[in-house]
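These notebook entries record what I looked up in one structure, residue by residue and then element by element.

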Amino acid sequence: MSGKVTVQDRGAKALLARARALSGGRTVRVGVLGDEPKREEPSQRGKHSTRARTRAKVAKRAVEAAVGGRGKYSLLQVAIVHEFGGGNVPARSFIRATIDEKKAEIRAEQEKALRAVLAGTVAEEAALQRLGAFVVGLMQARIVAGIAPPLAASTLKRKGRKSTPLILTGQLRSSLTYAVGGA
């Protein structure tokens with residue numbers, strides 16, 4: 001008895017190749033990234049506005065209170081002080097706490113991205129960028145919702161009508177970003 005065997009590849013090889021490519025060490029970093037370019041000082045036209053002066057004072061005071069120093073501080077340094085606390089500034093975690101609280105949602109988004117890449121409907125780079133943008137959105141929403149503890153009376157007086165912690169000008173919230181890395 002003799003027979004003939006015919007092998008038909010209906011996409012299995014391509015599926016395996018995409019699955020192997022996913023394990024290539026790609027990462028998505030999310031937060032206030034120190035390697036991102038620092039936002040320039042306000043333009044000449046608006047540098048003397050009340051908002052620009054307030055933004056500069058708040059950033060300077062927050063870091064001075066935490067580290068006891070004087071001088072110019074980067075947005076990354078201000079973010080670190082708010083994330084971990086220091087001096088008179090209490091910790092208001094907008095990165096670690098978001099990851100902890102939204103772990104299930106982030107996992108579901110990762111699985112959704114993986115399924116789309118394996119199905120071939122989305123490129124790996126695009127899926128990782130979507131994941132990064134999703135997590136950034138969660139962190140920004142946490143800041144907007146307000147993070148305990150409430151502001152001190154002196155801070156409320158200085159901020160005027162704005163009572164949400166970590167928001168005066170929106171610069172910290174808008175500095176949250178992501179970067180896709182790896183081979």
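**Entry 1. Arg-142.** I listed the contacts of Arg-142 (heavy atoms within 4.5 Å). Not counting residues up to four places away in sequence, Arg-142 touches Ser-93, Phe-94, Ala-97, Thr-98, Glu-101 and Ile-147. With Glu-101, the side chain of Arg-142 also forms a polar contact of 3.2 Å. For that term I used a pair of N or O atoms within 3.5 Å; within protein, one must be able to donate a hydrogen and the other to accept it, and residues adjacent in sequence count only if both atoms are side-chain atoms. Arg-142 counts as buried because its relative accessibility is 19%; buried means under 20% relative accessible area, exposed over 50%, and partly exposed in between (1.4 Å probe, protein chains only). Arg-142 belongs to helix H6.

**Entry 2. Basis.** I note that this is a predicted model, in which local features need pLDDT of at least 70 and side-chain atom pairs count only at pLDDT 80 or more, while totals for chains, interfaces and linings use all residues. Residues are numbered from 1 along each chain as its sequence is written, and side-chain values use heavy atoms, with hydrogens and water left out.

**Entry 3. The chain.** I counted eight helices and two strands; these are DSSP runs numbered from the N terminus (helices H or I, at least four residues; strands E, at least two). From the N terminus on, their order is α-β-α-α-α-α-α-α-α-β. The chain has 183 residues, and 28% of them are buried. Among contacts with a separation of 6 or more, 64% join residues 24 or more positions apart. One pair I looked up, Gln-171 and Leu-75, is 96 residues apart in sequence and 8.4 Å apart in space, C-alpha to C-alpha. Gln-171 sits in helix H8 and is buried, with a relative accessible area of 17%.

**Entry 4. Helix H6.** The buried residues of H6 include Leu-128, Leu-131, Val-135, Met-139, Arg-142 and Ile-143. They pack against strand S1 (27–31), helix H4 (96–101), H5, H8 and strand S2 (177–181). After H6 comes Gly-146, with a positive phi near 95°.

**Entry 5. Nonpolar cores.** I took a nonpolar core as a set of buried Ala, Val, Leu, Ile, Met, Phe, Trp, Tyr and Cys residues joined through side-chain atoms within 4.5 Å. The largest core has 14 residues, of which Val-32, Phe-94, Ile-143, Leu-166, Leu-172 and Leu-176 touch the most other members. Helix H6 (residues 124–145) gives the most to this core, namely five residues. Apart from it lies another core of five residues, including Ala-113, Ala-116, Val-117 and Val-122. In soluble globular proteins, nonpolar side chains tend to be buried together. For Ile-143, leaving aside neighbours within four places in sequence, I found contacts with Phe-94, Thr-164, Pro-165, Leu-166, Ile-167, Arg-173 and Leu-176.

**Entry 6. Helix H5.** Which residues of H5 are buried? They are Ile-106, Glu-109, Ala-113, Ala-116 and Val-117. Seen down the axis of H5, these residues fall within an arc of 100°, so they line one face of the helix; the arc is that of the directions from the helix axis to the C-beta atoms. Turned away from the buried side are the exposed residues Lys-103, Ala-104, Arg-115 and Ala-119. Gly-120 follows H5 and has a positive phi, near 85°.

**Entry 7. Helix H3.** In H3 (residues 75–84), I recorded Val-78, Ala-79, Val-81, His-82 and Glu-83 as buried. Just after H3, Gly-85 takes a positive phi of about 80°.

**Entry 8. Backbone of the loops.** Where does Pro-149 lie? Its place is in the loop between H6 and H7, and the peptide bond from Ala-148 to Pro-149 is cis, with omega near 0°. In the loop between H7 and helix H8 (171–175) I found Leu-166, which has a positive phi near 70° although it is a residue other than glycine. Most residues other than glycine have a negative phi, and most peptide bonds are trans. Leu-166 is buried, with a relative accessible area of 15%.

**Entry 9. Leu-156.** Leu-156 is part of helix H7 (residues 153–159). At 33% relative accessibility, Leu-156 counts as partly exposed. Not counting residues up to four places away in sequence, Leu-156 touches Leu-151, Lys-162 and Ser-163.
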